[in-house]
Every structure is written in C-alpha cells, then in structure tokens.
Amino acid sequence: MNTASELIIDVGLLRRIVAGDEAAFTILYRRKHPAIYRFALHMSGNASIAEDVTQEVFMTLIRDAKRFDPARGTVSSFLFGVARNQVLKRWEQNRRLVPLPDDGDHTESGMGRNGSYEKIDSSVSAYRNGNGNGTYPAGYDEFASRETIGRVRHAIGTLPENYREVVVLCELEEMSYEEAASALDCPVGTVRSRLHRARTMLLEKLREPQRVRRASAVGE
Amino acid sequence: MSDEAIRMTCKEFEEILNDLDRAGMPEGALREQALAHAESCGSCARLLTETESLGFALQAISAEDSDRRAPAHVEAALLQAFRQEKKASPHPRIWWQMAALATAAAVLLALGFSLRDHLWMGPNPPDANVIPTSPSGQPVETGMGSPSVLSADAVAPEFGSGFVALPYADDAGSMEGAAVVRVALSRSALATLGVPVVDATDTNEVPADLIVSVDGTPQAIRLVSEVTTN
C-alpha cells in the first residue's frame with residue numbers, strides 16, 4: 001500500500017475515532033502499534049517502558065486526536081513524534097534507561113524487561129526471524145553473519161539518541177527521510193546527515209574488534 | 001570504465017554511499033558512476049562492502065524484530081480507556097462550542113453596554129460596569145481609555161468569591177498575561193457559563209470578574225457582591 005492511500009485510510013480512521021468509533025480505534029491501534037512499540041523498545045532498551053510509551057501514545061490519540069494535522073505529515077509520523085516525546089520525558093526522569101553491559105559478548109542481544117539488553121537464545125535458526133517464519137534478504141549469509149547482526153544490534157544501542165532514532169526510523173522501520181523528518185520535527189537534510197553520521201559510527205564500531213584482533217596479533 | 005566514473009572523487013562517493021541501497025536513491029546514472037568508482041578504487045570498494053554488510057545486518061534486525069508488538073493487555077487497557085473517555089464526554093465538541101459561543105456573546109454584550117454608557121453618559125460614569133482589575137483584585141490599565149479605569153480606592157468594598165474555571169478553560173500554565181475584567185452579567189448569561197443562579201428570569205445584572213486569557217477567551221469567573229457603604 002502506498003503512502004497516499006495509507007494516509008487516506010488513517011485519516012478516515014482518525015475521523016471515526018473522534019466520533020467515538022471503537023472499532024476504528026482498534027483497527028488503527030493494530031495497524032500502528034507494532035512500529036511504535038519497536039521504536040520505544042529500541043530507544044529505551046526496556047520492554048516495560050516500551051509498553052508504557054505505546055499506551056501513552058494511543059491515550060494521546062484517545063484524548064486529543066484533533067491534534068493531528070494532515071498538513072504536517074502522516075498519522076505514523078504524528079504517532080512517532082508523540083512516542084519520541086514520551087521516551088525523551090522518561091529519559092529526563094531517568095538518564096540510566098539503557099544500561100549496556102559491555103561484557104565483550106555481542107553475539108546476540110535483545111531488549112529485556114529488566115531494563116538491560118538480554119541475550120536471546122542464539123540457537124534461533126539462522127535465516128529465520130524470531131518467530132521462525134520469514135526469511136532474511138538475499139545475500140544475508142554472505143554479508144550478515146549472526147555475529148555481525150548481534151554486533152550491529154548492540155552498536156545501535158550505544159549510539160547517541162539523536163543518531164539512534166534516525167537509524168531506528170529510517171533503517172529498521174524503513175521510513176522515508178520525509179516521514180522521519182516529520183516525526184522528529186526537523187528538516188529532511190538533518191535526517192539525512194544524521195543517518196550518514198550514524199552509519200559511519202556504526203561502521204567504526206564494527207571495525208573495532210578487527211582492530212583489537214590485529215593489535216593483539218601484533219603484540220604476540 | 002567511462003570518464004565520468006573516473007571523475008567521481010572518493011569524497012563524492014562517500015557522500016552518496018549510504019543512499020545506494022535506498023529505493024529510488026540516488027538516480028540511476030549517479031549510482032552507476034558510484035559503483036564504477038568503487039571498481040577503480042580499493043579503499044572505496046572496501047567501504048562499499050562494509051556498508052553493504054551493515055545494510056544487510058540492519059535489514060536482518062528489522063526482519064527479526066518485525067513480529068515484536070506490545071502485549072495484549074495494553075490493547076485491552078486502551079479499549080477500556082476509550083470507552084470511558086467517550087462515555088464521560090458523549091458530545092464534547094458541541095458542548096464546548098455552545099459554551100464558548102455563549103460566553104463570547106455574554107462578554108460582547110457586557111462590553112457593548114460599557115461602551116454605550118461611556119459614550120452616552122460622559123467620561124466617568126458612576127455605574128460603569130466594566131472595571132479592569134489585576135488578578136489580585138486591583139484594577140489594571142487595559143488601554144481602553146482612562147474613563148473605564150478606576151483606582152483601587154474608587155472600587156467599592158466588595159466580597160469576591162473565589163474564581164471558578166469555566167468548562168472549556170485552558171490549563172493554569174497557559175494563563176500568562178491574563179487579565180481580570182469586571183463585567184455585569186445577566187442571570188441567564190451566568191447560567192450559560194455554568195454558574196448556579198437562584199432565579200434565571202430575574203433581569204437584574206450581577207457583577208462578576210472574568211479572567212480573560214491573552215487570546216481573549218474567558219477562563220474563569222467569580223461573582224462579586226458589592227457592599228453598600230452609605
């Protein structure tokens with residue numbers, strides 16, 4: 001479904017929500033909440049905070065759906081914007097939301113309910129997603145080993161928040177620069193340059209173990 | 001390799017590198033130039049491989065996480081909140097609009113009467129019914145002309161009840177720059193503002209203070225009982 005038809009459906013659902021249509025709210029929630037939840041999860045590193053943020057985002061919709069202005073972006077952008085503010089608010093309350101244990105084992109990690117990145121069973125079949133269905137893109141086996149994926153996931157969690165949010169929106173949620181700019185309330189150029197910088201930072205982080213290995217080999 | 005491809009510099013290559021795997025970006029010719037440049041430059045070829053590897057890893061993470069969603073109890077809690085919210089305010093929009101219109105009409109009427117008194121009865125009418133005051137109850141300058149501004153001494157001793165927020169009032173934080181305006185309102189106008197009145201058919205006007213926000217919207221009201229001094 002393209003963005004235009006998606007927007008028309010979303011705006012129609014919003015109108016029905018304002019008029020008190022519960023079914024419309026349920027449909028919109030089910031369409032939009034997974035991405036909002038994942039965004040909050042990636043940004044906070046904590047499942048229970050991600051649940052709270054998701055709930056707050058849709059409570060905002062229940063109380064004040066009229067705040068959405070189609071001229072300023074899509075419904076998704078609006079919801080991501082609210083989610084971002086909620087995450088920032090929680091950051092203000094507790095700046096230690098994302099404890100990142102640097103135990104050197106970055107093979108596979110996921111965000112756990114206890115506030116830290118937890119290991120996920122590394123026996124999860126390669127080439128399959130977490131639920132055992134769906135496949136990775138072609139070329140996965142050649143370029144993205146499970147080790148690389150684990151290290152990239154960990155590296156995303158260590159990025160400064162303004163870089164992490166563009167990676168989550170543009171790479172993991174596959175939003176366009178324009179949609180991300182609307183969600184983050186910044187110019188498209190800022191999104192583009194932050195993403196460029198974020199990817200450079202990720203590459204640098206991925207090179208670090210290689211440098212360490214080389215240095216230790218030279219030392220021996 | 002074409003001359004154009006050779007002409008692309010490493011810096012230019014790095015600038016468009018991250019867009020190479022994005023749908024529709026960059027344009028075909030530029031993309032071809034970039035790939036051709038990577039073939040001719042060892043360090044850019046290595047960078048391209050690393051970037052592709054990162055891109056695949058990001059896609060894999062996206063696929064891995066695609067089934068993550070909030071637990072069912074979040075949806076249940078939201079649906080319950082939705083029902084409660086709609087039950088609490090079945091027709092909020094109509095009610096707010098009616099209340100706002102009624103208040104605006106009442107304020108306009110009061111201001112109209114005040115202006116009439118000012119024009120017809122001279123510069124210092126003894127019964128001017130609009131007395132700007134500060135939130136503390138002291139009169140304030142409104143720029144409406146000195147005749148309508150009374151000094152604190154000129155205001156008769158009074159018993160003012162506490163302010164009561166009007167139904168559609170903004171939150172207290174948005175009251176910066178608000179002014180208190182003394183008006184005389186009919187009992188029926190008071191009733192539309194949600195102020196309980198004993199006899200709405202009584203034609204006598206009741207003095208009241210309105211807190212008016214910067215955008216001119218009345219936010220709160222208090223009734224004022226003037227004490228006869230003589």
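Which residues have the most contacts inside the largest nonpolar core? In this predicted model, they are Ala40(A), Ala83(A) and Ala180(A), and the core to which they belong has 59 residues. Helix α2(A) provides the largest share of this core, namely 10 residues. Leaving aside residues up to four places away in sequence, Ala40(A) touches Ile49(A), Ala50(A), Val53(A) and Thr54(A), together with Ala83(A) and Val87(A). Another core, of 14 residues, lies apart from the largest one and includes Ala184(B), Ala208(B), Ala220(B) and Ile221(B).

The contact between the two chains draws 40 residues from chain A and 32 residues from chain B. On the side of chain A that touches chain B, at least two residues each are supplied by α2 (22-44), α3 (47-64), α5 (140-143), α6 (146-158), α7 (161-172) and α9 (188-219) of chain A, and α2(A) gives the most, with nine residues. By class, this side of chain A comprises 20 nonpolar, 12 polar and eight charged residues.

Across the contact, the axis of α2(A) comes within 11 Å of that of helix α5 (residues 72-88) of chain B, and the two axes cross at roughly 150°. Because angles over 145 degrees count as roughly antiparallel, α2(A) and α5(B) are therefore roughly antiparallel to each other, and their crossing is right-handed. Glu22(A), Phe25(A), Thr26(A) and Tyr29(A) make the contact on α2(A), while Glu75(B), Leu78(B), Leu79(B), Phe82(B) and Arg83(B) make it on α5(B); the contact of these helices has five nonpolar, one polar and three charged residues.

How values were computed
Residues numbered from 1 in each chain as written. Chains lettered and ligands numbered in written order. Predicted model: local features only at pLDDT ≥ 70, side-chain atom pairs only at ≥ 80, totals over all residues. Contact = placed C-beta atoms within 7 Å. Helix = DSSP H or I, 4+ residues; strand = E, 2+ residues; numbered from the N terminus. Nonpolar A, V, L, I, M, F, W, Y, C, P; charged D, E, K, R; others polar. Core = buried A, V, L, I, M, F, W, Y, C linked by C-beta atoms within 7 Å. Buried ≥ 20, exposed ≤ 12 C-beta atoms within 10 Å, placed from the backbone. Axes fitted to C-alpha atoms, helices over the stretch in contact; angles between N-to-C directions. Parallel < 35°, antiparallel > 145°, perpendicular 65-115°, else oblique. Left-handed = near helix turned anticlockwise from the far one by under 90°.
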